[in-house]
Amino acid sequence: MLVVASAAAWLGWTGLRTLSKGGGLWHSLATDRATMAGPALFVVVAAVFLAERRWPAVRRPALARAHVVDAGYLALFAIAVAPLVTLVSSGFAVTVERYAHFLVLRRLPVVPRLVVVGLILVGIDAMNWLAHVANHRSAALWRLHALHHSQEDMSVFTTFRTHPLAHASYLPTLVPVLILGASGPVPAAALVVYGCLVTLPHANLRWRFGPLGRIVVSPAYHRLHHARTALDDRGAVNFGFVLVCWDRLARLAALPDQEAPIPTGIAGRPVPVEQTVAWSGAAGVVLAQLAQPFRARAATDGHS
């Protein structure tokens, strides 16, 4: 855990120095925050939350403790985590360009801009999938990722129930941007759309998307990934963020075929959860959730 924290701190410091030297620190922070946690994201989250009230997979009160806590994680992401992600991402980009510059391709004038943007987004999704699998396979990364899986009352807000340090494991998603970025930056609108699509799979909805659900991750499909107990001897399945193809290629796809939504969370509750305490103790639970990965022996060890 200290290695992950140290690497994130070093990359963040590198990003801070780089952006400060160029005089674009505050502009970069504001621009990236608008992309990661701007009005479009909040509109989509609000719309999906309203849909959950109309067509819930599991009926919950609108102000269920789990929803409020996860909404708090969304606020934490927008206020504090997004700027840190910008600094760490900038540091990572500088490091790659400095020590692995051979990855950066020259401008591809023959390839249409739309094709390049499409390839970058598909590449980002593939790298997200790889990082997600790593979060389950690595004991150190699982300590961070387990917080996300601890939610027993899933909703669209569960997307943001993530330990701040867990974002460091998804830095490789920048590689497609760095490789093809010379052919033109990815429009912010494309990244915003992708970010909004990522929030939908966690929604408390029965939606399967019909035939499209074999291509795009649906709420019913992703709910199986959050199953409290493994569906079969493969363990965790359905790691996809937006596209299902990566799971299918790795034989880790399980299509939803049950009418009743399966229970979510982690068996045995190795991560402190807000369902076990009164409202007054919810803040303490959140602090315990954030601190648990740094314990010498965490209860999450061996639960991935």
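Let's start with A254, found in the loop between α10 and α11 (282-291). Helices here are DSSP runs of H or I with at least four residues, numbered from the N terminus. This is a predicted model, where local features need pLDDT of at least 70, side-chain atom pairs count only at pLDDT 80 or more, and totals for chains, interfaces and linings use all residues. Residues are numbered from 1 along each chain as its sequence is written, and side-chain values use heavy atoms, with hydrogens and water left out.

Is A254 buried or exposed? A254 is buried, at a relative accessible area of 12%. Buried means under 20% relative accessible area, exposed means over 50%, and partly exposed lies in between, with a 1.4 Å probe and protein chains only. Which residues does A254 touch? Leaving out residues up to four places away in sequence, they are Y221, L224, L231, R234, V237 and N238. Contact means heavy atoms within 4.5 Å. Compare G91: 163 residues from A254 in sequence, and 37 Å away in space, C-alpha to C-alpha.

Next, D247. This residue sits in helix α10, residues 245-249. D247 is buried, yet has no salt bridge. A salt bridge is a side-chain nitrogen of Lys or Arg within 4 Å of a carboxyl oxygen of Asp or Glu. The nearest side chain of opposite charge is R234, 8.5 Å away. On charge, Lys and Arg count as positive, Asp and Glu as negative, and His and the chain ends are not counted. What does the D247 side chain reach? The backbone nitrogen of G240, at 2.9 Å. Beyond its neighbours within four places in sequence, the contacts of D247 include W129, Y221, F239 and L252.

Now the helices. α3 has 16 residues. From first C-alpha to last, α3 reaches 23 Å, close to the 22 Å expected at 1.5 Å a residue. That expected span is 1.5 Å times one less than the number of residues. Its buried residues are L41, V45, V48, F49, A51 and E52. Seen down the axis of α3, they fall within an arc of 155°, so they line one face. The arc is that of the directions from the helix axis to the C-beta atoms. On the other side, P39, V43, L50 and R54 are exposed. The cover over the buried residues of α3 includes α2, α4 (65-99) and α8.

Last, α8, residues 188-199. Its 12 residues reach 17 Å, close to the expected 16 Å. A190, V192, Y194, C196, V198 and T199 are its buried residues. Their cover includes α2 (25-37), α3 (39-54) and α5 (113-137).

Conventions:
Helices (H or I, at least four residues) and strands (E, at least two) are DSSP runs, numbered from the N terminus. A polar contact is a pair of N or O atoms within 3.5 Å; within protein, one must be able to donate a hydrogen and the other to accept it, and residues adjacent in sequence count only if both atoms are side-chain atoms.
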